[in-house]
Amino acid sequence: MRYKSILLFGAPGSGKGTQGKILGAIPGFYHNATGDIFRSLDLQSEMGRVFWEYAGRGQLVPDEVTVKLWKQYIQGMEMINSFHPETEILVLDGIPRNLPQAKLLEDMIDVVKVIYLRCADLSKMVERLRRRALKENRFDDANDEVIHRRLVEYENKTRPVLDYYPKEKIHRVDATMSQIRVLSDILKVLVPVKEKIDVQQHLFATPTRGKAASATSAATPAAVASGDTTKKTGVVS
Ligand code: ADP
């Protein structure tokens with residue numbers, strides 16, 4: 001099954017993470033930020049060292065490593081019953097970040113919309129990144145040279161990904177507006193998309209395990225494995 005996905009697209013500092021976190025709190029959406037996966041790695045591990053090496057220079061981590069890590073992570077989330085692809089739309093933030101990644105992910109994600117957080121004012125983004133460096137202790141935002149390199153990487157490698165997806169799937173949102181206005185514009189696009197997918201999934205539904213369902217009527221793992229979700233655990237909501 002390919003994961004139904006929304007891509008949050010935009011330059012560093014355009015607000016993908018901020019909006020992604022809000023969307024991920026809405027039932028039926030699951031937010032996943034590649035940068036957060038990388039930052040959660042042990043920096044002493046092989047993968048952690050690779051991340052540090054590239055991100056510290058403002059460069060993208062090599063594609064094979066990135067996509068492999070992402071696949072492992074998302075499948076892990078599915079396995080531990082945190083992400084429910086039958087009922088949840090994946091909100092991807094930070095991947096794919098170039099054309100090879102878009103192609104490598106093709107067999108795993110079904111991109112239903114691309115939300116392009118557009119910011120024409122470069123100085124505004126640089127300002128946001130500087131502020132974030134202080135607030136979130138982000139080493140890759142800590143100096144202007146690395147910030148500049150990240151923005152160049154975005155222009156050269158990431159922005160061309162927009163041409164890979166059909167024009168009708170791409171929605172531009174002005175990222176310089178207030179956070180609540182940006183959110184409102186995103187929701188105008190996503191509400192009908194979600195409702196349509198829900199109708200389709202309902203039509204072809206097999207018993208599902210959505211966020212709400214698993215919290216209130218959790219079936220035993222053995223029952224889930226056997227397909228009999230009427231056998232409940234002792235969880236009472
Ligand atoms: P931002 O929020 O500024 O866009 P992220 O937190 O998404 O930054 O990413 C931080 C760093 O992690 C990137 O500069 C890059 O080195 C690495 N990274 C994140 N996602 C990817 C990806 N899809 N491919 C390669 N490198 C990535």
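## Contacts with the ligand

Let's start at the ligand: one of its oxygen atoms sits 3.1 Å from an N or O atom in the K16 side chain, a polar contact in the sense of a pair of N or O atoms within 3.5 Å. At Q59, a polar backbone atom lies 2.6 Å from an oxygen of the ligand. Taken alone the ligand exposes 560 Å², of which the protein buries 96% (accessible areas by the Shrake-Rupley method, 1.4 Å probe).

This is a predicted model, in which local features need pLDDT of at least 70 and side-chain atom pairs pLDDT 80 or more, while totals for chains, interfaces and linings use all residues. Numbering runs from 1 along each chain as its sequence is written, and side-chain values use heavy atoms, without hydrogens and water.

## The surrounding shell

The ligand is surrounded by 20 residues, the closest being Q59, G94, R97, Q101 and R132; a residue belongs here if one of its heavy atoms lies within 4 Å. The shell holds 7 nonpolar, 6 polar and 7 charged residues, with Gly counted among the polar ones.

Helices α2 (34-39) and α3 (46-55) each supply at least two shell residues, and α2 gives the most, with 4. Helices are DSSP runs (H or I) of at least four residues, numbered from the N terminus.

## A patch on the surface

V199, L203 and F204 make a nonpolar surface patch of about 380 Å²; patch residues have over 30% relative accessible area and no salt bridge (a Lys or Arg side-chain nitrogen within 4 Å of an Asp or Glu carboxyl oxygen), and nonpolar side chains are joined within 5 Å. L203 belongs to helix α8 (residues 179-203). L203 counts as exposed because its relative accessibility is 63%, and exposed means over 50%.

Note on methods. Polar contact = N/O pair within 3.5 Å; in protein donor to acceptor, adjacent residues only side chain to side chain. Patch = residues over 30% accessible without salt bridge, like charges linked within 9 Å, V, L, I, M, F, W, Y side chains within 5 Å. Buried < 20%, exposed > 50% of the residue type's maximum accessible area, 1.4 Å probe, protein only.
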